[in-house]
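Here is a short report on a protein model.

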Amino acid sequence: MRSLITVAGLVCFLAIVWWAYSSKRRKEFDEAANLPFTDPEEQESRK
């Protein structure tokens, strides 16, 4: 039973890593990373 839980945890971890580093999400994450450095007026115009 423990080995099954370990394998399930590893699969979940790898899925999260794959999701975080997928090229489809790169633009979205880059925008989120730069969000603290943008002007408040610029943030409102994006909404």
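Of the protein's 47 residues, 4% count as buried in this predicted model. The accessible surface comes to about 4800 Å². Carbon and sulfur atoms account for 63% of that area.

The secondary structure is three helices and zero strands. From the N terminus on, the order is α-α-α. Helix α1 spans residues 2-20, and helix α2 spans residues 26-34.

**Salt bridges**

Side chains of opposite charge can pair when their charged atoms come close. The count here is two salt bridges.

| Pair | Closest N to O distance |
|---|---|
| Glu28 and Arg25 | 3.5 Å |

Asp30 and Arg26 both sit in helix α2, four residues apart. That spacing is about one turn of the helix. Asp30 is partly exposed, because its relative accessible area is 39%. Arg26 reaches 59% and so counts as exposed.

In the other pair, Glu28 has a relative accessible area of 45%, so this residue is partly exposed. Arg25, at 29% relative accessibility, is partly exposed.

**Nonpolar patch**

Which residues form a nonpolar patch on the surface? They are Leu10, Phe13, Leu14, Val17 and Tyr21. Together they have about 560 Å² of accessible area. Phe13, one of these residues, lies in helix α1. Its relative accessibility is 52%, so Phe13 counts as exposed; the cut-off for that class is over 50%.

Definitions and conventions
Residues are numbered from 1 along each chain as its sequence is written. This is a predicted model: local features need pLDDT of at least 70, side-chain atom pairs count only at pLDDT 80 or more; totals for chains, interfaces and linings use all residues. Side-chain values use heavy atoms; hydrogens and water are left out. Patches are made of residues with over 30% relative accessible area and no salt bridge: like charges are joined within 9 Å, nonpolar side chains (Val, Leu, Ile, Met, Phe, Trp, Tyr) within 5 Å. Accessible areas come from the Shrake-Rupley method with a 1.4 Å probe; for residues, only the protein chains shown count as cover. A salt bridge is a side-chain nitrogen of Lys or Arg within 4 Å of a carboxyl oxygen of Asp or Glu. Helices (H or I, at least four residues) and strands (E, at least two) are DSSP runs, numbered from the N terminus. Buried means under 20% relative accessible area, exposed over 50%, partly exposed in between (1.4 Å probe, protein chains only).
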